[in-house]
2 protein chains.
Amino acid sequence: MKTYPQLPSQPIGKLLLIGAGLIGGSLTLALKKANAVQHVTGVGRRASVMREALQLGLIDDFVAPNTPEYAQAVANADIIVLAMPVGQTKSVLRDLLPHLAPHTIITDAGSTKQSVYEDALAVLGNKIKQFVLAHPIAGREINGPSAALADLYVGKKIMVCPTEHNSAAQIRTVVGMWQATGGHVYELDLNAHDAIFAAVSHVPHVLAYALMNHVADDALCDDKFAMAGAGFRDFTRIAAASPEMWRDVCLNNRDAIVADLDAYLTHAQALRNQIATSDSEALLNEFTRASEKRLAWGKDK
Amino acid sequence: MKTYPQLPSQPIGKLLLIGAGLIGGSLTLALKKANAVQHVTGVGRRASVMREALQLGLIDDFVAPNTPEYAQAVANADIIVLAMPVGQTKSVLRDLLPHLAPHTIITDAGSTKQSVYEDALAVLGNKIKQFVLAHPIAGREINGPSAALADLYVGKKIMVCPTEHNSAAQIRTVVGMWQATGGHVYELDLNAHDAIFAAVSHVPHVLAYALMNHVADDALCDDKFAMAGAGFRDFTRIAAASPEMWRDVCLNNRDAIVADLDAYLTHAQALRNQIATSDSEALLNEFTRASEKRLAWGKDK
């Protein structure tokens with residue numbers, strides 16, 4: 001994994017934003033603050049959400065999908081940012097395709113990459129070269145236009161996952177756009193991306209959900225929740241996250257998550273067997289290794 | 001599980017403290033601050049540790065084990081507090097037994113209860129009635145006499161696990177002692193105690209240790225640790241805990257932990273299968289249930 005060096009600022013002309021919520025709105029707010037974009041047009045079905053985004057300054061105007069104004073906005077866009085739920089990728093691209101100009105770059109902000117790539121390839125065909133995959137590692141516990149923040153990405157990690165089809169210029173544009181938000185931009189192969197985030201984000205969420213339900217299903221659950229302390233609190237904090245979003249992540253990153261969960265469960269089962277056989281030495285080795293890794297990773301974390 | 005009502009203060013005369021570290025030292029500091037004990041004698045093999053405990057005011061004097069002074073201190077004690085590692089329970093009780101007076105209460109502070117009870121029964125025989133099991137739910141990431149704090153137990157939960165052999169007066173003494181520290185004292189059956197803490201503390205520790213080693217064993221581990229964020233940080237925080245202590249907990253609470261881990265792994269495996277088969281509805285149900293439970297348990301946690 002490599003970090004991209006800071007590129008010279010090169011403002012974007014016309015940006016078309018699909019989905020003016022937390023992720024997309026924070027991007028355009030940041031770009032406007034940095035004078036890194038000239039004009040942002042929002043696309044959305046719900047006019048009330050679009051008006052809110054306009055009032056908040058996330059967008060400069062908006063169009064409804066599949067109108068003549070929409071066709072014009074797509075054709076004129078220098079960059080199109082997909083910031084709606086990843087499950088809508090195919091239908092959004094199908095709408096865009098007839099109007100897409102050859103110079104336009106498409107990019108996204110989805111938390112999984114292989115499934116977005118496959119969806120995009122199925123719709124775009126050889127125009128897949130215009131699509132540069134990306135994923136900003138940032139979020140909040142609230143959503144919608146009013147959740148957007150100009151500094152959401154400052155100091156955050158942004159993954160850009162180019163494919164062999166992308167040109168160096170296209171990649172530079174997307175990298176430069178994210179650098180203008182204050183984020184640190186990394187290049188990552190898309191399969192490695194999905195494996196990495198399965199391991200450090202998706203699987204821990206699944207494990208935390210499983211722990212909550214496991215405890216809740218027990219006859220002693222009231223006493224258990226009453227006695228649960230700081231360790232349980234920290235371990236299960238991510239189980240409060242949006243069920244819909246994490247259901248979608250699991251569906252979209254299925255193969256990487258299943259592979260990682262299987263490897264994890266093998267590990268947990270081995271520890272279980274060491275406990276069952278009172279294998280003191282093996283347990284001490286495993287716990288010591290884990291504890292040293294955790295302390296080395298971040299004492300203050 | 002019931003809370004004990006606040007008992008009228010009844011100061012302890014002579015307290016004998018085995019192990020003057022964080023847990024025992026914080027207890028005696030709190031009792032001294034509340035004028036709830038007249039005299040504390042420490043017992044320890046290492047004179048340097050005992051001198052430190054004396055200087056810090058955790059104890060008023062100390063004796064070395066198996067000396068004439070030790071025999072005298074045991075015989076004169078009103079209450080003997082076991083605050084050394086639980087693995088030493090049998091040997092400590094064997095030393096105490098020949099000198100134990102009939103009026104003396106023994107109590108402990110171990111994080112598992114069934115194994116302490118079995119060890120105590122094996123050594124004490126019918127004098128088991130003098131042993132009132134207890135477990136304060138408090139700790140720090142540091143240990144030793146200098147880690148002791150007079151307010152460690154203020155507002156914390158203290159479990160007292162009486163058996164059929166204990167008299168009401170013996171239980172009252174131990175409950176009153178812990179109430180004097182500022183803790184909230186609960187009565188809990190010892191088997192329920194072990195099942196509850198297996199579920200909300202011991203198993204999450206095992207799962208967090210497993211996750212650290214699972215990630216560390218992977219070829220992409222450097223990228224994974226570099227990309228891991230707040231969720232991973234919270235989930236694995238407890239994996240930094242003392243390997244020796246948690247090895248001992250696993251050995252001492254083996255049966256409850258294995259039973260709870262098996263139930264947990266069944267739950268996790270079911271989620272894994274729902275992901276593998278893209279069972280959107282089941283995943284949404286499970287995640288929603290977990291998320292609602294977590295939010296209901298503690299929004300601010």
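User: Hi! Among contacts in chain A between residues at least 6 apart in sequence, what percentage join residues at least 24 apart?

Analyst: Hi there! In this predicted model, 78% of those chain A contacts join residues at least 24 apart.

User: What holds paired strands together, in general?

Analyst: Strands of a sheet pair through backbone hydrogen bonds, and they can run parallel or antiparallel.

User: Which way do β7 and β8 of chain B run, parallel or antiparallel?

Analyst: They run antiparallel, and 5 bridges join β7 (residues 131-137) of chain B to β8 (residues 157-161) of chain B. As one example, Pro136(B) has Ile158(B) as its bridge partner in β8(B).

User: Now over to chain A. How does β8(A) pair with β7(A)?

Analyst: Strand β7 (residues 131-137) of chain A pairs with β8(A) in the antiparallel sense, over 5 bridges. There, His135(A) has Met159(A) as its bridge partner in β8(A).

User: What about β8(A) and β9(A), parallel or antiparallel?

Analyst: Those two run parallel, and 4 bridges join β8(A) to β9 (residues 184-187) of chain A. Ile158(A), for example, has Val185(A) as its bridge partner in β9(A).

User: Which helix does the chain pass through between β8(A) and β9(A)?

Analyst: The chain crosses through α6 (residues 168-179) of chain A, and this β-α-β crossover is right-handed.

User: Why do we say β8(A) is largely enclosed?

Analyst: Because 4 of the 5 residues of β8 (residues 157-161) of chain A are buried, the strand is largely enclosed by the rest of the structure.

User: Let me pick one residue, Thr107(B). Where is it found?

Analyst: Thr107(B) is in strand β6 (residues 105-108) of chain B. It has 22 C-beta neighbours inside 10 Å, so Thr107(B) counts as buried.

User: Which residues is Thr107(B) in contact with, leaving aside its neighbours within four places in sequence?

Analyst: Thr107(B) is in contact with Ile79(B), Val81(B), Val132(B), Ala134(B) and Val174(B). Another pair to look at is Thr107(B) and Ala83(B): they are 24 residues apart along the chain, and their C-alpha atoms are separated by 8.9 Å.

User: Something else: I clicked on Asn35(A). Is its phi positive or negative?

Analyst: Phi of Asn35(A) is positive, near 50°, in a residue other than glycine. For background, most residues other than glycine have a negative phi. Asn35(A) sits in the loop between α1 (22-33) and β3 (37-43) of chain A.

User: Does Asn35(A) count as buried or exposed?

Analyst: Asn35(A) counts as exposed, because it has 10 C-beta neighbours inside 10 Å. In chain B, phi of Asn35(B) is near 50° as well.

User: Now the two chains. What rotation superposes chain A on chain B?

Analyst: A rotation of 180° with 0.0 Å of shift along its axis superposes them, with an RMSD of 0.1 Å. The two copies are thus related as by a two-fold rotation axis.

User: Which residue of chain A comes closest to that axis?

Analyst: That is Phe235(A), with its C-alpha at 2.0 Å from the rotation axis.

User: How many residues are in contact between the chains?

Analyst: 79 residues of chain A are in contact with 79 residues of chain B. Helix α7(A) gives the largest share of chain A's side, 20 residues. By class, that side has 49 nonpolar, 14 polar and 16 charged residues.

User: Why can we say the copies meet through the same surface?

Analyst: Because 100% of the interface residues of chain A are also interface residues in chain B.

User: Last one: how many residues are in the largest nonpolar core?

Analyst: The largest nonpolar core has 74 residues, and Ala208(A) and Ala208(B) are among those with the most contacts inside it. Contacts of Ala208(A) include Phe235(A) and Phe235(B).

Methods
Residues are numbered from 1 along each chain as its sequence is written. Chains are lettered from A and ligands numbered from 1 in the order in which they are written. This is a predicted model: local features need pLDDT of at least 70, side-chain atom pairs count only at pLDDT 80 or more; totals for chains, interfaces and linings use all residues. Copies are superposed by least squares on the C-alpha atoms of residues with pLDDT of at least 70 in both. Two residues are in contact if their C-beta atoms, placed from the backbone, lie within 7 Å. Ala, Val, Leu, Ile, Met, Phe, Trp, Tyr, Cys and Pro count as nonpolar, Asp, Glu, Lys and Arg as charged, and the others, Gly among them, as polar. A residue is buried if 20 or more other C-beta atoms lie within 10 Å of its own, exposed if 12 or fewer, and partly exposed in between; C-beta atoms are placed from the backbone. Two strands pair if DSSP finds at least two bridges between them. A crossover is right-handed if, with the strands pointing away from the viewer, the path from the first strand over the helix to the second runs clockwise. A nonpolar core is a set of buried Ala, Val, Leu, Ile, Met, Phe, Trp, Tyr and Cys residues joined through C-beta atoms within 7 Å.
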